[in-house]
Amino acid sequence: MQFHQHGYVSGDPRIKAAAGTGIDRPAELPDTMDVLVVGTGPAGMIAAAQLAAFPGINTRIIERRGGRLEIGQADGIQARSVETFQAFGFAERIITEAYRITATVFWKPDPADRTKIARAARAPDDTTGISEFPHLIVNQARVLDYFAEVMAYSPARIKPDYGWEFRSLSIAESGEYPVAVTLARTQGEGAGVERVVQAKYVVGADGAHSRVRECIGAKHTSVHANHAWGVMDVLAVTDFPDIRSKCAIQSEDGGNILLIPREGGSLFRMYVDLGEVPQGGSEAVRGTTIEEIIAKANKILHPYTLDVRSVAWTSVYEVGHRLTDRFDDVPLAECGGRLPRVFITGDACHTHSAKAGQGMNVSMQDGFNVAWKIAHVLEGRSPASLLATYSAERQVIAKNLIDFDLEWSTLMAMRPEDMEDPTELENFYVRTFEFPAGFMTEYQPSMITGTAVHQELATGFPVGKRFKSAPVVRVADANPVQLGHHHRADGRWRIYAFADAPAVGEPSLLSDWAAWMSTSPDSPLLRYTPPDADIDAVFDVKLVAQQDFEGVPLGRVPALFMPRTGPFGLIDYELVYAADPLRDIFAERGISRGGAVVVVRPDQYVANVLPLAETAGLSAFFDGIMLPRR
């Protein structure tokens with residue numbers, strides 16, 4: 001964590017000095033704003049937290065409730081999400097308070113007595129080392145609290161405007177604030193009174209029953225809902241031996257349970273199979289009482305018993321798989337003809353079962369994706385055409401999720417004897433682990449994602465997939481660090497220069513590339529960085545050398561990698577890295593010994609891989625994304 005660049009900081013370094021719209025931010029919701037985010041769920045909060053990194057943008061986020069969420073339905077945090085939390089600065093703290101999943105235990109009918117269940121298999125959570133971050137369980141409300149802290153501590157000083165309900169919107173063809181939004185007060189004095197605010201852009205993160213979705217005419221294209229589950233967060237006394245492990249439990253004729261231990265050491269969640277829902281039977285199923293859910297759980301767990309002492313939360317729901325035809329306000333017939341002003345995220349555009357723990361995780365990636373793009377357009381960094389990539393990218397991901405979840409939830413609801421292979425459930429879990437962990441997302445070539453023409457230069461950084469971190473050694477202080485952990489959610493592009501074989505400072509492809517980046521008018525660094533901004537304001541350029549840290553003398557490192565920034569012109573010493581002798585990043589990530597350039601988007605996805613000598617290709621790539629600033 002870097003601070004002191006603008007002067008000595010004696011307090012909490014997470015609290016940044018107010019700037020831009022954060023100075024004298026009005027307490028009351030204003031009449032006009034740049035971005036209005038509707039809903040303080042995971043998608044809305046991460047969108048607002050990302051926009052908070054841009055204090056020049058007037059962002060407001062509204063919520064119909066009167067205050068923060070106290071208990072949330074979602075609880076599973078996949079490793080990809082923890083990587084994202086690292087970018088926002090709170091991964092370590094949330095890991096400390098969360099429950100960590102290391103394996104899933106599979107219980108099935110005991111072959112000796114099929115009226116009883118018995119432990120059948122234990123599948124490790126991550127056998128491939130796909131991420132250095134763990135799989136966690138933590139209350140959704142705490143995730144929202146951390147994002148709220150990021151917003152409040154940012155220079156923009158963003159806080160949710162509670163007690164406002166979205167009613168409707170209309171979009172004008174022109175004007176500085178073309179989206180007119182009708183809101184209604186839900187709390188306190190003036191409750192029920194409507195008012196109209198105007199925005200440049202609106203992000204609808206208002207859940208499965210989204211009114212924003214209705215207003216832009218987006219339609220569900222698929223529906224599947226015929227199996228019901230009762231869910232309960234409880235404190236209980238039980239003799240079931242794996243009560244503190246994640247378990248998939250299949251009984252002979254009582255149905256199934258998905259058991260999720262919760263944070264804190266005592267609380268756990270059970271998804272209890274309530275069976276098929278007959279046509280027109282939804283209302284009756286939803287009336288299932290907590291006593292009936294507990295009784296069903298005890299039947300499935302036989303010969304073990306469950307004595308529930310306290311119920312923190314309970315609900316009944318049907319497995320539903322729904323996907324909207326688009327994630328913005330541009331009708332399909334008009335794609336390419338006009339640009340979006342309104343976007344929908346999370347449950348507003350895709351819903352599925354809770355069995356794979358993907359709802360909150362995928363929703364947060366929606367919000368992260370759309371927010372940095374809106375910010376780039378509003379700041380004049382990128383053309384408005386960038387906004388069309390949000391729906392194009394995220395709808396495909398949501399479709400893949402629903403296809404996966406349909407298969408997983410169907411398997412979860414099957415009786416073991418109805419499966420072709422009795423080990424099918426656990427085999428599917430192990431075989432597809434990369435998907436629920438959040439690492440199967442792969443964006444296709446577009447204006448912000450290049451082709452894989454030079455992929456052989458860095459095979460471990462697939463273009464379109466998330467940047468997979470690896471250990472390196474920071475040269476300035478010989479500290480071992482994870483390279484990807486220094487990618488902050490600050491809206492900047494990352495450009496990693498992996499050096500060729502000659503020593504740093506010697507004539508090489510790296511030295512030529514550094515000279516071009518520092519002096520050429522075609523360099524993205526010079527072409528797109530505002531003249532009155534620090535040289536690293538738009539691009540974070542890092543060097544990774546092949547030698548160990550003692551073989552990289554800082555005095556010979558090109559100035560590009562040791563920029564002077566801030567009001568005092570201080571040198572940034574955290575951009576020069578060497579290979580870790582115990583885990584060489586060049587070997588682990590398949591990086592060519594002839595060097596490579598890896599470009600990473602603000603949302604941590606690899607955008608391009610290029611040779612060091614291919615400066616024209618790097619220039620052309622950013623010419624399609626950025627707007628010249630000098």
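## A buried asparagine

At 10% relative accessibility, Asn139 counts as buried (under 20% relative accessible area, with exposed over 50% and partly exposed in between, using a 1.4 Å probe and protein chains only). Asn139 sits in the loop between strand S7 (135–137) and helix H4 (140–153); helices (H or I, at least four residues) and strands (E, at least two) are DSSP runs, numbered from the N terminus. Ile71 is 68 residues away along the chain, yet its C-alpha atom is 6.7 Å from that of Asn139.

A quick word on the source: this is a predicted model, where local features need pLDDT of at least 70, side-chain atom pairs count only at pLDDT 80 or more, and totals for chains, interfaces and linings use all residues. Residues are numbered from 1 along each chain as its sequence is written, and side-chain values use heavy atoms, leaving out hydrogens and water.

## An enclosed helix

Now for helix H2 (residues 79–88): 10 of its 10 residues are buried, so H2 is largely enclosed by the rest of the structure. Among the elements covering H2 are helix H1 (42–51), helix H3 (91–97) and helix H8 (359–378), by contact, meaning heavy atoms within 4.5 Å. After H2 comes Gly89, with a positive phi near 95°.

## A seven-stranded sheet

Seven strands make an open sheet, ordered S21-S20-S26-S23-S22-S27-S28, with mixed pairing; two strands pair if DSSP finds at least two bridges between them. At the edges are strand S21 (479–482) and strand S28 (606–610), each pairing on one side only.

Strand S23 (residues 539–545) and strand S26 (residues 576–579) run parallel, paired over three bridges. Val544 has Tyr577 in S26 as its bridge partner.
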